[in-house]
Amino acid sequence: MAGKGTPATALLAKQKVAHQLHAYDHDPKHESYGLEAAEALGLEPDRVFKTLVADVDGKLTVGVVPVTGQLDLKALAAAVGGKRAKMAEAAAAQRATGYVLGGISPLGQRSRLPVVIDASAEKFETIYCSAGRRGLEVELAPADLVRLTSATVAPIRA
(Lines give C-alpha, C1' and ligand atoms only; values in the text may rest on other atoms or scores of the structure.)
Protein backbone atom coordinates (compact mmCIF):
# COMPACT_ATOMS: atom_id res chain seq x y z
CA MET A 1 0.00 0.00 0.00
CA ALA A 2 1.51 3.32 -1.07
CA GLY A 3 1.72 5.90 1.69
CA LYS A 4 -0.50 5.77 4.74
CA GLY A 5 -3.79 3.96 4.66
CA THR A 6 -7.23 5.53 4.66
CA PRO A 7 -10.61 4.32 5.90
CA ALA A 8 -11.31 3.30 2.26
CA THR A 9 -8.17 1.17 1.97
CA ALA A 10 -8.79 -0.32 5.42
CA LEU A 11 -12.31 -1.35 4.38
CA LEU A 12 -11.01 -2.96 1.17
CA ALA A 13 -8.38 -4.91 3.12
CA LYS A 14 -10.84 -5.99 5.83
CA GLN A 15 -13.35 -7.20 3.24
CA LYS A 16 -10.57 -8.90 1.24
CA VAL A 17 -11.69 -7.17 -1.97
CA ALA A 18 -9.37 -7.41 -4.96
CA HIS A 19 -8.12 -3.91 -5.71
CA GLN A 20 -5.07 -1.98 -6.75
CA LEU A 21 -3.91 1.38 -5.43
CA HIS A 22 -2.49 4.00 -7.78
CA ALA A 23 -0.66 6.98 -6.28
CA TYR A 24 0.35 10.15 -8.10
CA ASP A 25 1.69 13.56 -7.14
CA HIS A 26 -1.31 15.83 -6.61
CA ASP A 27 -0.96 19.31 -8.12
CA PRO A 28 -2.97 21.80 -6.02
CA LYS A 29 -3.19 24.12 -9.05
CA HIS A 30 -5.03 21.58 -11.22
CA GLU A 31 -8.64 22.63 -11.91
CA SER A 32 -10.19 19.14 -11.68
CA TYR A 33 -9.20 16.48 -9.16
CA GLY A 34 -10.71 13.71 -11.28
CA LEU A 35 -9.22 14.77 -14.61
CA GLU A 36 -5.88 15.26 -12.87
CA ALA A 37 -6.01 11.64 -11.68
CA ALA A 38 -6.85 10.37 -15.18
CA GLU A 39 -4.04 12.39 -16.75
CA ALA A 40 -1.45 11.57 -14.07
CA LEU A 41 -2.18 7.84 -14.26
CA GLY A 42 -2.62 7.72 -18.05
CA LEU A 43 -6.18 6.43 -17.81
CA GLU A 44 -9.22 6.68 -20.04
CA PRO A 45 -11.19 9.45 -18.23
CA ASP A 46 -14.51 7.57 -18.54
CA ARG A 47 -13.07 4.86 -16.22
CA VAL A 48 -12.21 7.38 -13.50
CA PHE A 49 -15.14 8.28 -11.25
CA LYS A 50 -15.60 11.23 -8.94
CA THR A 51 -17.51 11.13 -5.69
CA LEU A 52 -19.93 14.01 -5.21
CA VAL A 53 -22.13 14.70 -2.22
CA ALA A 54 -25.58 16.18 -2.75
CA ASP A 55 -28.45 17.12 -0.50
CA VAL A 56 -31.58 15.20 -1.54
CA ASP A 57 -34.65 16.44 0.31
CA GLY A 58 -32.48 17.32 3.33
CA LYS A 59 -30.51 14.05 3.36
CA LEU A 60 -26.91 13.82 2.19
CA THR A 61 -26.52 11.39 -0.71
CA VAL A 62 -23.45 10.37 -2.70
CA GLY A 63 -23.33 10.35 -6.49
CA VAL A 64 -20.45 8.58 -8.25
CA VAL A 65 -20.04 9.68 -11.87
CA PRO A 66 -17.28 9.68 -14.52
CA VAL A 67 -14.92 12.64 -14.20
CA THR A 68 -15.83 13.63 -17.77
CA GLY A 69 -19.46 14.26 -16.83
CA GLN A 70 -21.58 16.18 -14.38
CA LEU A 71 -23.98 14.84 -11.79
CA ASP A 72 -27.61 14.98 -12.94
CA LEU A 73 -29.22 16.13 -9.70
CA LYS A 74 -32.77 15.26 -10.83
CA ALA A 75 -31.70 11.75 -11.77
CA LEU A 76 -29.87 11.34 -8.45
CA ALA A 77 -32.98 12.42 -6.51
CA ALA A 78 -35.15 10.03 -8.54
CA ALA A 79 -32.72 7.14 -7.95
CA VAL A 80 -33.17 7.44 -4.18
CA GLY A 81 -36.89 8.23 -4.28
CA GLY A 82 -36.43 11.93 -3.62
CA LYS A 83 -37.87 15.04 -5.20
CA ARG A 84 -35.19 17.75 -5.09
CA ALA A 85 -31.42 17.67 -5.01
CA LYS A 86 -28.71 20.29 -4.79
CA MET A 87 -24.99 20.01 -4.26
CA ALA A 88 -24.11 19.77 -0.57
CA GLU A 89 -22.06 22.45 1.13
CA ALA A 90 -18.36 21.51 1.09
CA ALA A 91 -18.11 21.60 4.89
CA ALA A 92 -21.14 19.29 5.27
CA ALA A 93 -19.71 16.83 2.71
CA GLN A 94 -16.34 16.75 4.45
CA ARG A 95 -17.90 16.40 7.91
CA ALA A 96 -20.21 13.54 6.88
CA THR A 97 -17.62 11.59 4.88
CA GLY A 98 -14.52 12.26 6.95
CA TYR A 99 -12.60 13.10 3.78
CA VAL A 100 -11.37 16.37 2.24
CA LEU A 101 -12.63 17.65 -1.11
CA GLY A 102 -10.72 16.00 -3.92
CA GLY A 103 -10.18 12.98 -1.70
CA ILE A 104 -13.76 11.95 -0.92
CA SER A 105 -14.11 8.24 -1.48
CA PRO A 106 -17.42 6.39 -1.71
CA LEU A 107 -15.76 3.77 0.55
CA GLY A 108 -15.17 3.96 4.29
CA GLN A 109 -17.10 7.15 4.93
CA ARG A 110 -17.58 8.39 8.51
CA SER A 111 -21.38 8.34 8.10
CA ARG A 112 -22.98 5.68 5.92
CA LEU A 113 -24.65 7.75 3.21
CA PRO A 114 -26.86 6.44 0.40
CA VAL A 115 -24.70 5.93 -2.71
CA VAL A 116 -25.75 5.97 -6.37
CA ILE A 117 -23.22 4.90 -8.99
CA ASP A 118 -23.68 5.91 -12.60
CA ALA A 119 -24.73 2.96 -14.77
CA SER A 120 -21.79 3.56 -17.14
CA ALA A 121 -19.51 1.96 -14.51
CA GLU A 122 -20.93 -1.45 -15.40
CA LYS A 123 -19.41 -1.41 -18.89
CA PHE A 124 -15.88 -1.64 -17.46
CA GLU A 125 -14.10 -4.58 -15.88
CA THR A 126 -12.56 -2.19 -13.35
CA ILE A 127 -13.06 1.47 -12.51
CA TYR A 128 -11.08 4.00 -10.51
CA CYS A 129 -12.27 6.22 -7.67
CA SER A 130 -10.66 8.11 -4.84
CA ALA A 131 -9.03 5.93 -2.20
CA GLY A 132 -9.59 8.59 0.43
CA ARG A 133 -6.96 11.23 -0.16
CA ARG A 134 -5.81 13.50 -2.95
CA GLY A 135 -3.28 11.71 -5.12
CA LEU A 136 -4.51 8.18 -4.38
CA GLU A 137 -6.95 6.24 -6.56
CA VAL A 138 -8.26 2.72 -6.08
CA GLU A 139 -8.99 0.40 -9.00
CA LEU A 140 -11.67 -2.19 -8.37
CA ALA A 141 -14.53 -4.03 -10.03
CA PRO A 142 -17.74 -1.96 -10.22
CA ALA A 143 -19.69 -4.86 -8.64
CA ASP A 144 -17.40 -4.74 -5.59
CA LEU A 145 -17.91 -0.99 -5.23
CA VAL A 146 -21.69 -1.48 -5.46
CA ARG A 147 -21.61 -4.26 -2.87
CA LEU A 148 -19.36 -2.45 -0.37
CA THR A 149 -21.38 0.77 -0.50
CA SER A 150 -24.82 -0.89 -0.85
CA ALA A 151 -25.19 1.38 -3.88
CA THR A 152 -27.98 1.83 -6.33
CA VAL A 153 -26.89 1.78 -9.97
CA ALA A 154 -28.69 4.30 -12.18
CA PRO A 155 -28.01 6.69 -15.05
CA ILE A 156 -27.07 9.83 -13.07
CA ARG A 157 -24.51 11.39 -15.41
CA ALA A 158 -25.65 14.63 -17.00
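Select His22 and then Glu137, its bridge partner in β7. This is a predicted model, in which local features need pLDDT of at least 70 and side-chain atom pairs count only at pLDDT 80 or more, while totals for chains, interfaces and linings use all residues. Residues are numbered from 1 along each chain as its sequence is written, and side-chain values use heavy atoms, with hydrogens and water left out. Helices (H or I, at least four residues) and strands (E, at least two) are DSSP runs, numbered from the N terminus.

Now extend the selection to β1 and to strand β7, residues 136–140. The two run antiparallel and are joined by five bridges; strands count as paired if DSSP finds at least two bridges between them. Another bridge pair to pick out is Leu21 with Val138 in β7.

On to β6, which pairs with β7 in the antiparallel sense, again over five bridges. Here Tyr128 has Glu139 of β7 as its bridge partner. β6 and β7 form a hairpin with two residues between them, and Gly135 in the turn has a positive phi of about 90°.

Show β1, β7 and β6 together: in that order they form an open sheet with antiparallel pairing. β1 (19–23) and β6 stand at the edges with a single partner strand each, so one side of each has no neighbour in the sheet. Neighbouring strands of this sheet are turned by 30° against each other on average, direction ignored. Such angles run from 0 to 180 degrees between N-to-C directions, and the axes are lines fitted to C-alpha atoms, for helices over the stretch in contact.

Is β7 largely enclosed or open? Five of its five residues are buried, so β7 is largely enclosed by the rest of the structure. Buried means under 20% relative accessible area, exposed over 50%, and partly exposed in between (1.4 Å probe, protein chains only). In a regular strand the side chains alternate between the two faces of the sheet. Leu136, Val138 and Leu140 lie on one side of β7, Glu137 and Glu139 on the other, and all are buried, which leaves both faces covered.

**Second stop: the five-stranded sheet**

Select β4, β2, β3, β5 and β8, which form an open sheet in that order, with mixed pairing. β4 and β8 (152–154) are the edge strands, each with a single partner, so one side of each is left without a neighbour in the sheet. On average, neighbouring strands of this sheet are turned by 35° against each other, direction ignored.

Zoom in on β2 (residues 49–56) and β3 (residues 59–66), which run antiparallel and are joined by eight bridges. Asp55 has Leu60 in β3 as its bridge partner. β2 and β3 form a hairpin with two residues between them. Asp57, in the loop between these strands, has a phi near 50°, a positive value in a residue other than glycine. Asp57 is partly exposed, with a relative accessible area of 47%.

β2 also pairs with strand β4 (residues 85–87), in the antiparallel sense over three bridges; look for Val56 opposite Ala85. β3 pairs with strand β5 (residues 115–118) in the parallel sense over three bridges, and Val62 stands opposite Val115 there.

Select Ser150, in the loop between α5 (142–149) and β8. Its phi is near 50°, a positive value in a residue other than glycine, and Ser150 is exposed, with a relative accessible area of 54%.

Next is Glu89, in the loop between β4 and α4 (90–97). Glu89 is exposed, with a relative accessible area of 63%.
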